[in-house]
Amino acid sequence: MTSDAPSSLSAALASGTVVLDGGMSNQLESAGHDLSDELWSARLLAEQPDAITEAHLGYFLAGADVAITASYQATFEGFAKRGIERGRAAELIALSVAAAREAAAQAKAQGVARPLWVAASVGPYGAMLADGSEYRGRYGLSVAELEAFHRPRMEVLAAAGPDVLALETVPDADEAEALLRAVRGLGVPAWLSYSVAGGTTRAGQPLEEAFAVAADADEVIAVGVNCCAPQDVDRAVEIAARVTGKPVVVYPNSGETWDAQARAWAGRSTFAPEEVRGWRESGARLIGGCCRVGPGAITSLAEALRPE
């Protein structure tokens, strides 16, 4: 980042590299919170919002410039299943942004001088189902039906005042199209981030086609991938930069694999923070980690991206 604070996240991306945080769930679990619930981390918005703020603060102090809110699984439908009425659900969705803002204020009070940003997470439809279908896509819904699902909570998140909407872990281009329709007119920029496997989306579409959906979307300030294996990043960054001409966002998992049936992670970590320099050279400007990537890895990543 330059010494002159940028006026917006878009300006920050134009002037350098911005560091994203890591996984919210692993940070909360390491603090002793049980997330074996269909609402996942969103449950704590209702029960222990201070825990969400504390998790964000840990990442800001570790070197992250952007906190991604705990709203990935926060939906009206998901809260309704728990008996939470619509008005209260809207309050909880908005609280996810407030919790991240509070963490930024606490980080500033502890001496963090760099600009800090808040990205409001908008997870895919499959995240609400809590059955692993966000890693498959193709829910049997039309683009219009998906837009109708996403728009109400995006309106609440936008009204809460984040710096950007993180349209993340999107498994297929149809849902991306729905999200891009829903973001229009909200007055908040967005990034679009697919979950991928090799050279395709999780639903099997070529990445060239998937990224092209966002190429002409003025609201979108970055396009890329998240919640994927680290080894799938290099190719995706190159394609995203070439197809869209936009800054690229990338935040992979640790390399372990999520078992939706067992609701547990398996395998070993292959996340290597030193690889981020290559991602940056290929066009990545928003760089961080997703599931199972903790504050220590974000510190290493931030150090690797500092100007020499």
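At 9% relative accessibility, alanine 302 counts as buried, where buried means under 20% relative accessible area, exposed means over 50% and partly exposed lies in between, with a 1.4 Å probe and protein chains only. The model is a predicted one, in which local features need pLDDT of at least 70 and side-chain atom pairs count only at pLDDT 80 or more, while totals for chains, interfaces and linings use all residues. Residues are numbered from 1 along each chain as its sequence is written, and side-chain values use heavy atoms, with hydrogens and water left out.

Alanine 302 sits in helix α13 (residues 295-305); helices (H or I, at least four residues) and strands (E, at least two) are DSSP runs, numbered from the N terminus. Once its neighbours within four places in sequence are left aside, alanine 302 is in contact with Val19 and Gly63, contact meaning heavy atoms within 4.5 Å. The C-alpha atoms of alanine 302 and leucine 28 are 21 Å apart, and these two residues are separated by 274 residues along the chain.

The protein as a whole has 13 helices and 12 strands. Its radius of gyration is 17 Å, close to the 19 Å that the globule rule gives for 308 residues, so the protein is as compact as a globular protein of that length; the radius is taken over C-alpha atoms, and the rule is 2.2 Å times the number of residues to the power 0.38. Along its principal axes the C-alpha trace spans about 55 × 45 × 40 Å, and 56% of the 308 residues count as buried. Among contacts between residues at least 6 apart in sequence, 76% join residues at least 24 apart.

Next comes the sheet. Eight strands form an open sheet in the order β1-β12-β9-β8-β5-β4-β3-β2, with parallel pairing, and two strands are taken to pair if DSSP finds at least two bridges between them. The edge strands are β1 (18-19) and β2, each of which pairs on one side only. Strand β2 runs parallel to β3 and is joined to it by three bridges, with isoleucine 68 standing opposite alanine 119 in β3. Strand β3 in turn pairs with β4 (residues 164-170) in the parallel sense over four bridges, and here the bridge partner of alanine 120 is leucine 165 in β4.

Strand β3 (residues 117-122) has six of its six residues buried, so it is largely enclosed by the rest of the structure. Both of its faces are covered, with Trp117, Ala119 and Ser121 buried on one side and Val118, Ala120 and Val122 buried on the other.

Elsewhere in the sheet, strands β8 (residues 220-226) and β9 (residues 248-251) pair in the parallel sense over four bridges, and glycine 224 stands opposite valine 249 in β9. Helix α11 (residues 233-244) lies across β8, β9 and β12 (284-287), running at about 160° to β9; axes are lines fitted to C-alpha atoms, for helices over the stretch in contact, and angles run from 0 to 180 degrees between N-to-C directions.

Aspartate 65 lies in the loop between α4 (49-62) and β2 (66-68), and with a relative accessible area of 4% this residue is buried. Its side chain is joined to that of arginine 114 by a polar contact of 2.8 Å, a polar contact being a pair of N or O atoms within 3.5 Å; within protein, one must be able to donate a hydrogen and the other to accept it, and residues adjacent in sequence count only if both atoms are side-chain atoms. Not counting residues up to four places away in sequence, aspartate 65 touches several others, including Val19, Phe60, Arg114 and Trp117.

Helix α9 (residues 173-183) has eight of its 11 residues buried, so this helix is largely enclosed by the rest of the structure; among them are Ala173, Glu175 and Leu179. Aspartate 172 caps the N-terminal end of α9, a side-chain oxygen lying 2.9 Å from the backbone nitrogen of aspartate 174. The helix is followed by glycine 185, whose phi is positive, near 85°.

Glutamine 205, in the loop between β7 (200-201) and α10 (207-212), is buried with a relative accessible area of 10%. A polar atom of its side chain lies 3.1 Å from the backbone nitrogen of alanine 173. Beyond its neighbours within four places in sequence, glutamine 205 is in contact with residues including Arg138, Asp172, Ala173 and Asp174.
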